Amino acid sequence: MRDAGTCGTLDSVRARQPDRCGYAVRSGVRLYYEVFGDGPTTIVLLPPWSIVYSRIWKLQVPYFARHARVVVYDPRGNGRSDRPGNPSAYDDGELVADAVAVLDAVGVEDAVVVGLSVGARVLLALVAEHPERVSGAVFVGAHLLLTDRPNPLEATFEQERESYEDWGRWNAHSWRRDLAGFAEFFFGQAFPEPHSTRLVEEGTSWALETDAETLVATGSPRRRVLSPAEATSFAAKVRCPALVLHGDADRITPLSDGVALARALGAPLEVVTGGGHCVNARHPVWFNARVRRFVDEVSARARP
Amino acid sequence: MRAREPDLVGETDRDGVPIHYEVFGSGQTTLLMMGTFPVVDGHQWKAQVPYLARHFRVVTVDPRGNGRSGRPAGPAAYSDDVNAADALAVLHASGTDSAFLVALCSGIKWSLLVAERAPGRVRGIVAIAPGVHPLAPHPDPIQPVDHPDWAGDWEGWVAYHSGVLLPEPHSSKAYDDLVGWSLQTDLATITARTHAPLRPTEEQEAADLVRRLDLPMLVIHGTEDRCQPLERGRRLAELTGARFVVVEGGGHLPHARHPVLVNTKIKEFVHMTTVATSATATAAATATANAPVAVEGGAPWLFARDRKRRALWVCSPIGLGHVLRDLAIAHSLRERVPDLQIEWLAQSPVSDVVRAHGEIVHPASAELASESAHWESEAERHELHAFHALRRMDEILCANYMLFDDVVRETSYDLWVGDEAWDVDHFLHENPERKTAPYAFLTDVVGFLPVDAEHDLREVELTTDYNAEMIEHRERFPYVRDRSLFIGDLAELPDASLGRGLPTVRGWTERWFSTVPYVVPFDPSAYRRPAALRRELGYGTGYPLYVAAVGGTAVGRDLLELTAEAFALVRADEPDARLVMVTGPRIDPDELPDVEGMDKRGYVDGLFAHLAAADAAIVQGGLSTTMELVAARRPFVYFPLAHHWEQQHFVAHRLDHYGAGHRMDYRTTSPRDLAEAMRTARQSRPSYRPIRRGGADRAADQLASVLTGAR
């Protein structure tokens, strides 16, 4: 674990340093958060899967912080947050409770909340169960199912093999043997766009901030995730303005999942043609402008 | 002509006073464009309506005291409360449950009073130069109509009042409009409104009302507003938490003088305030679970490296000449940039021609307000005051610019080309921040020259003002155009002054344009053997063949009638003579007389082949047709339209440069004169100055260099 004495990550140069940082503590697990700016609206950027941490939002934070208060935090399992080793510590319910704990610790009553990938699943549960905390919701490359679809990777996650190729690398033993190799493969899939080498390298380096055992816990089929039936019933409960953003070349979560989510929410869907899983990182200018417009619309509605 | 006609016109009776309203478009959200101090009617919103109606349902009102609404007597009939009740009645009569109210000056008070009476019906207010008079109290700086200085001089006061409201330079058209609308009413009516009971009256009362209503609001205010102090707008914005848009240097009528800014701010405000909530949209989504999910904002955002090269080509519909040269340039451009997709934003007849050539017409083209119809409405008896017509086309130009603005924000282009796209060019210089792509402007005419400089001093003043504005635009914002191409050599331009204190046409063009040789849309050498051409086109040989053509609009009808009469006289001397009369796409051949030996046709593809096959041609003074005859080296007589600055000055000068054509004047030419000229022309052997070759290629080189970076 990293030194918790000062704000910021170990990255020596950041475009903008946090104005405030701290830990939210829940059931003994410490969650490191950072706060930037002091605009009238708060934007919370939820962490996705713990293979990365809050730096995944580095191309958003400086811009949004010029106009709003921005809150990011490291997920349990990576960055400066704690790394419990038990798969059940990574149940969706825990991740949702973490989000609430950070909002409470920072003193955020309500915010526009942006969820990427797994974070979008957390966001859906957050807005359904704590509607008063979310004034607007943006779902990016949402990793959540509204219909049952078997995931063959889950069944073989703990099976040991001689070699691990392509998605066969989605395997606990593979991670233990060669976490960097898996991470490189994974981020190659996450960033299918040409000229994405920097993103693949950086993603891989973030993955190496955690360790194989922790990552195995976060990916274990034994942890509990939102079922399609729960997700469908949560989506029907959403009352706040929502926006769904999805790349049509997303290899982690197909566009059809984003389409289904937009339909269930009755929310507009915007597609990035040629875009992969993390459109915020690979197409930041478009993403920042689009989300800012959404935030402005939500703020205009919420005007006292 | 208006840029957009109402879809529905209505009237509601208010205790015997008719209140006239108009409805445009059919969006889910309604905008009620409020009346104001009755020196204007609903037309004051002419630069807003066509654009806003693309996105919303728009209702305009003529306030009592002006337009087609009633003019009751006495101050009590014009109170703030009565005017608010009128607006509410229009909401009711037009079947509008709720609306955003867009208002100017006094109209803001009336909007507040509407909301007070019917809170649920007002969703928000756009307050332009808000005249909530008790806020930021301030003595009225404008002399009222019954001020002793005016001593009943109604027209004098109108001129004074209109001038005060429009302090911006180059506002002559907005000023003329305002004077015209003011003169639709009278001294008694304006006096009555001047003394009408106002409400609210106290500052606290006004502030309380505004706070209590708690409506989303957008405030737009000019710093040079002489009617409502800027402080008043600021105070209103503070009270409501409104977005406050300050127009630096703007007067009292920013919607008229700065329409692109105001239009886009209104649209943005309404969209922001109506963002769909998931809750309301869910039911609809469930009902149409299998329908494709709407992608917001039209096309998805496309990763830049995956985009094919696209150009948007805006082609003026005035005359068919531009389109043929544009097609020639486009053809050469594609040879240089093979993967370029060109989309044409153009209206009939240009769109028909480009479609016939297999080109892509952008679907938004169907929404362009018609320029051709406007020009035809401005013309009579072979006379078209082209400068005044262009100036009076302000509403259409603004509407069509706004359409362009939408199109280029929905799709990203690598290049915008505007061939005499006056709308695009003017408003990009007025709003340079809206330029988001390289832009090339092409023209064969630079600046306005008065057609009657000795007698029409107003025309001299106005053309000078327009030229000064053009010069300011270019000098201040040279980056707006990445290429400025003049079609022709500098010597083909008159060396006349652009106005007092301004440079000459030729000198200024030399400074600000690149020249390319005149673009002939065909290889002229293939059209220089009339006998062979005549056989090819099925005319045969051995008799005198005349061809008459008048371009793409209906303006040439009178000349065709004169030509028919003249041809009847020619036939008396040359009994085997034949005349092919090409009426163009907008004149029905059946409406012209029948003459023995005369063959009437509508549109003819490849018209220049027919002209080149003629022994002599009769045409009006349009540039393209006359220059095609120069290229084909055929004799011709031409009739510049009276009062048409371009045909009178620019085309005539260019034809003189080439030593071509016999110029005639429609007003002083009898059928006998024309018959004589036709026979003389037929017997002449032209020796014109040759046109430099390669115009289309040189123009394409310039455009291609923008796309490829080649130098």
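**Entry 1: a covered helix**

What covers the buried residues of α17(B)? I looked up the helix first. Helix α17 spans residues 422-430 of chain B, and its buried residues are Asp423(B), Val424(B), Asp425(B), Phe427(B), Leu428(B) and Glu430(B). I count a residue as buried if 20 or more other C-beta atoms lie within 10 Å of its own, as exposed if 12 or fewer do, and as partly exposed in between, with C-beta atoms placed from the backbone. The cover includes α10, β10 (310-315), α16, β13 (415-419) and β14 (439-443) of chain B. Helices (H or I, at least four residues) and strands (E, at least two) are DSSP runs, numbered from the N terminus.

**Entry 2: ground rules**

I noted that this is a predicted model, where local features need pLDDT of at least 70, side-chain atom pairs count only at pLDDT 80 or more, and totals for chains, interfaces and linings use all residues. Residues are numbered from 1 along each chain as its sequence is written, while chains are lettered from A and ligands numbered from 1 in the order in which they are written.

**Entry 3: confidence**

pLDDT is the predictor's confidence in each residue, from 0 to 100. Its mean for chain B is 92, and 96% of the residues of chain B reach 70 or more. I marked residues 276-298 of chain B, where pLDDT stays under 50. The model has 32 contacts for them beyond four places in sequence. A contact means that two C-beta atoms, placed from the backbone, lie within 7 Å. For the complex, the predictor gives an ipTM of 0.72 and a pTM of 0.83.

**Entry 4: chain B overall**

I found 26 helices and 22 strands in chain B. Its C-alpha atoms fill a box of roughly 90 × 65 × 50 Å along the principal axes. Of the 711 residues, 50% count as buried.

**Entry 5: domains**

Domain bounds come from an automatic or database domain assignment. For chain B it gives domain 1 (8-273), domain 2 (306-519 + 697-708) and domain 3 (527-683). I checked domains 1 and 2 of chain B: their C-alpha centres lie 35 Å apart. In chain B, 12 residues of domain 1 are in contact with 18 residues of domain 2. α10(B) gives the most to the domain 1 side that touches domain 2, with 4 residues.

**Entry 6: cores**

A nonpolar core is a set of buried Ala, Val, Leu, Ile, Met, Phe, Trp, Tyr and Cys residues joined through C-beta atoms within 7 Å. The largest has 213 residues, and Ala103(B), Val314(B) and Tyr546(B) have the most contacts inside it. Helix α16 (residues 394-410) of chain B supplies the largest share of this core, 9 residues. A second, separate core of 98 residues includes Tyr53(A), Phe64(A), Ala65(A) and Val122(A). I then followed Tyr546(B); among the residues that it touches are Phe567(B), Leu579(B) and Met678(B).

**Entry 7: one loop residue in chain A**

Is Arg222(A) buried or partly exposed? Arg222(A) is partly exposed, because 14 other C-beta atoms lie within 10 Å. I placed Arg222(A) in the loop between α8 (212-219) and α9 (228-237) of chain A. Asn86(A) is 136 residues away along the chain, yet the two C-alpha atoms are separated by 9.6 Å.
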